[in-house]
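Please load the model in a viewer and keep the selection panel at hand. The stops below are meant to be visited in order.

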Amino acid sequence: MRLYARPSPLLRRQLTFDALVVIWLVLWWKLSAQLSAKITALATPADRASDTLATITRGLGSIGEAAARIPLVGGEIQRPVATLAGDVAHLMASTQAQAEETRQTATEVGWWVFALASLLAVSWWAWHKYRYARATAQLTSLLTRPGGTKLLAFRALAHQPLRQLASYPHIVDELMRGEQQAVVWLANLELRRLAMAELPGGQQPVRCE
């Protein structure tokens, strides 16, 4: 199975298409990374709030410890402080979870954007490669069959531009008579369309004067 043509303008177009696909993938990788970074930046306020709440929680813990050492009333003072510290710690945990969820969402969005863009480009690239490989395989198989060269010549009559066909004088008459030169010349036109190796014996046509 051939994925690329022989050295020819068609091969240059195929390689150019490959390069464009690579550029597309690199471009969308960078765009998806930038999008992920922008979404991740939304977690910054939550991170700052979490740091502030952590500081408050530690401060309340110190206050509670200090209050506990007060004779007689220390326990009464410590309980509401400890309750407040617990509420702040719960709020801090919720804020941290929100920040982590935002970062996770940023990663998933970035990957999904890149995956969809890549799937589009790679599917298009694979379809073109498949079409070329199938076409060359069909022509190769046709040439191995009895009368395959003549069938390929008739196929060229349907595919090739009229200007190209008209450059060979009496091409249809010679083809119908089974003239080998005309058959091979037409078959080579079809092989040349896919930049495949040409058959020997197809001389250049002589133009009508």
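The model is predicted, so local features need pLDDT of at least 70 and side-chain atom pairs count only at pLDDT 80 or more, whereas totals for chains, interfaces and linings use all residues. Residues are numbered from 1 along each chain as its sequence is written, and side-chain values use heavy atoms, with hydrogens and water left out.

**Whole chain**

Select the protein chain and colour it by secondary structure: there are seven helices and zero strands, in the order α-α-α-α-α-α-α along the sequence. Helices here are DSSP runs of H or I with at least four residues, strands are runs of E with at least two, and both are numbered from the N terminus. Of the 209 residues, 32% count as buried; buried means under 20% relative accessible area, exposed means over 50%, and partly exposed lies in between (1.4 Å probe, protein chains only). The chain exposes about 13800 Å², 64% of it supplied by carbon and sulfur atoms; accessible areas come from the Shrake-Rupley method with a 1.4 Å probe, and for residues only the protein chains shown count as cover. Among contacts (heavy atoms within 4.5 Å) with a separation of 6 or more, 65% join residues 24 or more positions apart.

**A nonpolar surface patch**

Next select Leu3, Tyr4 and Leu15, which form a nonpolar patch on the surface with about 250 Å² of accessible area together. Leu15 belongs to helix 1, residues 9–41, and counts as partly exposed because its relative accessibility is 47%.

From Leu3, move to Tyr130: their C-alpha atoms are separated by 7.5 Å, although the two residues are 127 apart along the chain. Tyr130 sits in helix 3 and, at 42% relative accessibility, is partly exposed.

**Within helix 3**

Stay on helix 3, residues 74–143, and select Ser118. Is Ser118 buried or exposed? With a relative accessible area of 12%, Ser118 is buried. Beyond its neighbours within four places in sequence, Ser118 is in contact with Leu25 and Ser123.

**Helix 4**

Select residues 148–159, the twelve residues of helix 4; the distance from first C-alpha to last is 16 Å, close to the 16 Å expected at 1.5 Å a residue. That expected span is 1.5 Å times one less than the number of residues. Gly148, Leu152, Ala153 and Ala156 are buried in this helix. They lie on the same side of helix 4, because they cover an arc of only 145° around the axis, taken from the directions from the helix axis to the C-beta atoms.

His159 is also in helix 4 and is partly exposed, at 41% relative accessibility. Which residues does His159 touch, not counting those up to four places away in sequence? They are Glu190 and Arg193. The C-alpha atoms of His159 and Leu189, 30 residues apart along the chain, are separated by 9.3 Å.

**Helix 7**

Finish with residues 180–193, helix 7, whose 14 residues reach 20 Å from first C-alpha to last, close to the 20 Å expected. Helix 7 is mostly covered, with ten of its 14 residues buried; among them are Trp185, Asn188, Leu189 and Glu190. Just after this helix, Ala195 takes a positive phi of about 55°.

Methods:
Patch = residues over 30% accessible without salt bridge, like charges linked within 9 Å, V, L, I, M, F, W, Y side chains within 5 Å. Salt bridge = Lys/Arg side-chain N within 4 Å of Asp/Glu carboxyl O.
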